[in-house]
Amino acid sequence: MSSTELPSVSAANVLPKVATVRVAEGERLRSVGLPGISLTVRSRPPAREGLPPALYVHGLGGSSQNWSALMEQLEGDVDCEAVDLPGFGDSPPPDDGDYSITAHARAVIRYLDASDRGPVHLFGNSLGGAVTTRVAAVRPDLVRTLTLVSPALPEIRVQRSAVPTALLAVPGVTALFTRFTRQWTAEQRVRGVLHLCYGDPGRVTSEGFRHAVEEMERRLQLPYFWDAMTRSARGLVNAYTLGGQHALWRQAERVLAPTLLIYGGRDQLVGYRMCRKAARSFRDSRLLSLPEAGHVAMMEYPEVVARAFRGFLAETGEAQAEAGRHIAGEGTPKGVTRNPGEGDAVPESTGS
């Protein structure tokens with residue numbers, strides 16, 4: 001093994017007793033065992049029977065909790081599930097220690113195949129956007145529509161504010177960072193994450209901040225936390241360097257599913273300028289620009305994102321398809337609203 005490689009960590013040896021993961025009212029958690037991995041899946045019972053399935057995939061350092069607000073907004077439109085990728089949230093590390101984009105995509109595909117829920121409305125944020133782009137490209141049979149919130153697709157000129165995150169992929173940097181920040185409290189770490197990921201951190205309520213601190217404290221007790229972060233960051237950087245048919249932008253061009261792209265004007269991690277390239281690359285795309293949003297629009301403005309998704313369903317004919325299934329006795333259709341246009345302003349109200 002090269003001296004620059006991180007040792008593989010077996011999930012069976014790194015599961016200490018830590019605080020339980022928070023489950024919001026109306027949500028459920030379950031563990032799903034699959035070959036080489038064990039995934040925690042967060043779900044929210046649909047408002048009625050027969051709704052089409054949806055699966056949400058979080059970004060680097062996130063978890064299924066990142067989608068709780070949007071899942072609540074869409075419980076009357078889709079049957080919501082959100083997955084904790086291996087090594088994140090409540091999912092243990094993968095047995096082989098592989099955190100590449102391909103490995104994360106393989107985990108999502110294995111879950112969809114095993115659960116027999118496909119095709120689904122697939123959502124991805126940041127790293128999860130790269131993962132779900134790959135899933136949609138290689139397994140179009142599993143994806144009904146694709147919704148990407150600030151997807152982490154390759155940029156030629158990376159924003160300066162995104163450099164520290166990218167540096168996690170450099171051997172030795174994580175060890176230096178953990179030593180440098182050893183005295184940082186969970187509150188300090190959370191405030192740093194909020195300022196990096198939110199367009200307006202003031203939108204986070206005091207309760208939301210408290211929950212985030214509790215989750216940070218829990219994660220810092222996991223001995224594989226930084227390993228999962230480092231390896232996933234390295235996997236993302238490595239994916240950026242791939243050429244040919246495995247290049248992420250090439251795979252974006254192969255996606256057949258209708259795609260909704262959501263970009264924040266105050267995003268410090270994914271360049272807002274990339275929205276134009278994305279709109280050109282995904283062959284059947286719609287673009288929603290949120291000038292005041294940061295990197296996690298589904299957390300900052302869940303109502304706006306939900307409204308956009310409903311309009312997206314209406315425009316792509318998914319709502320009509322649901323109506324047809326209702327006529328056939330398979331469920332009751334949900335009313336839809338028009339998709340906000342590109343550049344629509346974001347509400348000025350506060351609170352998450």
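## Aromatic pairs

This predicted model has six aromatic pairs. Take Trp 67 and Phe 123: their rings sit edge-to-face, 6.2 Å centre to centre, with 70° between the planes. Trp 67 is in the loop between strand S3 (53-57) and helix H1 (68-73), while Phe 123 belongs to strand S5 (residues 120-126), so this pair ties together parts that are 56 residues apart in sequence. Both Trp 67 and Phe 123 are buried. They also belong to a cluster, where ring pairs link Tyr 56, Trp 67, Phe 123, Phe 309 and Phe 312.

Then there's Phe 225 with Trp 226. Their ring centres are 5.0 Å apart and the planes meet at 70°, so this pair counts as edge-to-face. Phe 225 is buried, at 10% relative accessible area, whereas Trp 226 comes out as partly exposed, at 22%.

## A lysine over a ring

Trp 249 has a charged neighbour: Lys 277 lies over the face of its ring, 4.8 Å from the ring centre.

## Strand S2 and its partners

What about strand S2 (residues 37-44)? Seven of its eight residues are buried, so call S2 mostly covered. S2 pairs with strand S1 (residues 28-34) in the antiparallel sense, over seven bridges. Leu 34 has Ile 37 in S2 as its bridge partner. The hairpin made by S1 and S2 has two residues between the strands, and Gly 36 there takes a positive phi near 80°.

S2 also pairs with strand S4 (residues 79-84), again in the antiparallel sense, this time over five bridges. Here Ser 43 stands opposite Glu 81 in S4.

How values were computed:
Residues numbered from 1 in each chain as written. Predicted model: local features only at pLDDT ≥ 70, side-chain atom pairs only at ≥ 80, totals over all residues. Heavy atoms only, no water. Phe/Tyr/Trp six-rings, centres within 6.5 Å; stacked < 30°, edge-to-face > 60°. Helix = DSSP H or I, 4+ residues; strand = E, 2+ residues; numbered from the N terminus. Buried < 20%, exposed > 50% of the residue type's maximum accessible area, 1.4 Å probe, protein only. Lys NZ or Arg CZ within 6 Å of the ring centre and 35° of its normal. Pairing = 2+ DSSP bridges.
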